[in-house]
Amino acid sequence: MPFQGLMGRRRIGGKQRRSPIRIQHVVIVGSLVIVALYAAGLLMIVGKGHSVTPVGGDEAVVERMNAPIRSKDDGSVDIGSSSRFVKDASPITQPVHESSSITDTETIGWAVTITGCGSDPITEGAAVLKHAIHLTSVHGNLGGHYDYKMYAIYHPDGEACALTLKDLGYELIQRETPVAVKDIEGKFLREKIESNGCCGEKELVKLEAYTLTEHPVIVHLDLDVVVLKPMDALFDMMLAKSPDDWDTTNVPIMWQEKRLPEKVNAFFTRDYNMVGPGRTYKPVQGGFLVLRPDMKVYEEFVSIIKKGIDKEGTGWGGLVGPFYGFMTFQGLIPYYYDVLHENEAVELSRCIYNQMADNPKDKRTINDIPQGRCRTNQEECEDCRNRPLEDVVSAHFTLCQKPWLCLPQDSDIIQLRLCRKLHHQWYRIR
């Protein structure tokens with residue numbers, strides 16, 4: 001019966017009588033008042049719970065608390081519907097920009113360096129790298145607890161291609177080399193550095209990562225790197241107040257018997273393929289360095305470069321070098337951390353971090369079995385090509401070649417089997 005019918009008259013025994021509706025009226029009106037009060041209170045609660053105050057001027061978008069982020073097979077992001085709980089029951093926020101509005105979360109700086117514009121495209125690699133880092137951060141679905149910010153440090157010669165990274169969310173920083181070639185005192189270095197390694201003296205621009213002191217930790221990577229898992233275990237160790245707070249369970253330290261520093265200022269991997277097994281000082285792999293930014297450290301690097309290398313056939317301090325790229329980054333870093341400031345840095349297993357699928361021995365691999373001496377100069381050494389993909393935190397496409405070149409790599413050999421898996425991960429994230 002329509003509501004209007006309740007307010008009319010009805011006929012009883014041939015006479016019209018007013019219906020006894022006063023009680024009904026009161027009940028209905030009272031119910032409406034209760035519903036209105038309840039709705040108003042609910043709106044106040046929702047309004048308080050979902051208000052967001054951006055930090056540092058960043059805008060934020062409120063997401064559902066019961067919507068964890070899942071990655072689709074094509075690398076895109078999907079919002080699920082299973083429950084997700086936060087200690088203080090605050091709403092989860094997803095910043096519009098990558099500089100986060102999440103409070104009490106350290107922001108790690110991630111940097112790449114562009115020394116010039118060659119024939120190899122950099123935009124696609126930079127886009128996949130950034131998205132991979134996003135997935136392993138606090139914003140992703142892989143359990144990361146740190147925020148991130150992307151930097152592209154570029155030499156003036158690389159400006160044209162560096163500008164393509166701006167729309168990807170990289171902050172662009174133009175820097176000259178820390179020391180002009182003409183100002184290098186050592187004659188040998190001054191005359192030879194411009195033709196050394198891949199990029200000559202411009203490779204020294206990587207050292208500018210030490211100047212990004214607004215972050216507690218900087219991760220410097222090459223653009224042909226992919227990150228598959230969070231690096232939180234390294235960040236936790238570097239940010240801990242004392243060694244008593246360290247948890248090294250998930251830190252794959254290369255030399256377990258070596259005494260750990262009181263304070264870790266860097267993590268790196270080595271490129272054992274560049275020198276013979278018996279060499280005392282071996283190069284770092286230039287595509288991966290986790291460092292503590294510090295202007296004093298940067299200034300010390302500047303003074304080392306200015307002094308230079310005077311005598312041909314020697315290296316930094318007469319100790320580190322010669323080998324490929326030794327005049328720049330790959331030789332300076334081991335000179336600093338192995339000689340000048342021993343026991344301030346930790347070498348990681350290259351099978352887990354910066355995995356390159358390299359041969360662990362100095363002779364050919366025959367029927368999937370490496371021959372010769374271990375390049376690490378150990379009696380027995382791990383073949384990183386046998387590492388399960390699930391163990392790999394980051395990979396570097398050097399021996400495996402760049403994924404965007406689309407090389408077949410279809411031979412059934414130990415190296416290419418791993419390379420195919422790593423390429424698949426790159427395309428999955430892409």
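## Met231 and the nonpolar cores

Leaving aside residues up to four places away in sequence, Met231 touches Trp110, Val219, Phe288, Tyr353, Val393 and Ser394. In this predicted model, Met231 belongs to the largest nonpolar core, which has 59 residues. Met231 is listed there among the residues with the most contacts inside the core, together with Trp110, Leu234, Phe235 and Phe267.

A second, separate core comprises 42 residues, including Val181, Leu291, Val302 and Trp316.

## The setting of Arg270

Arg270 lies in strand β12, which spans residues 266-270. Because its relative accessible area is 10%, below the 20% limit, Arg270 counts as buried.

Two polar contacts of the Arg270 side chain may be described. One joins it to the side chain of Glu347 at 2.9 Å; in the other, the side chain of Arg270 reaches the backbone oxygen of Lys282 at 3.1 Å.

## The chain as a whole

The protein chain has 430 residues, of which 47% count as buried. Its secondary structure consists of eight helices and 17 strands. Among contacts with a separation of 6 or more, 68% are between residues 24 or more positions apart.

The accessible surface of the chain comes to about 22,500 Å², and carbon and sulfur atoms account for 52% of that area.

Definitions and conventions. Residues are numbered from 1 along each chain as its sequence is written. This is a predicted model: local features need pLDDT of at least 70, side-chain atom pairs count only at pLDDT 80 or more; totals for chains, interfaces and linings use all residues. Side-chain values use heavy atoms; hydrogens and water are left out. Helices (H or I, at least four residues) and strands (E, at least two) are DSSP runs, numbered from the N terminus. Buried means under 20% relative accessible area, exposed over 50%, partly exposed in between (1.4 Å probe, protein chains only). Contact means heavy atoms within 4.5 Å. Accessible areas come from the Shrake-Rupley method with a 1.4 Å probe; for residues, only the protein chains shown count as cover. A nonpolar core is a set of buried Ala, Val, Leu, Ile, Met, Phe, Trp, Tyr and Cys residues joined through side-chain atoms within 4.5 Å. A polar contact is a pair of N or O atoms within 3.5 Å; within protein, one must be able to donate a hydrogen and the other to accept it, and residues adjacent in sequence count only if both atoms are side-chain atoms.
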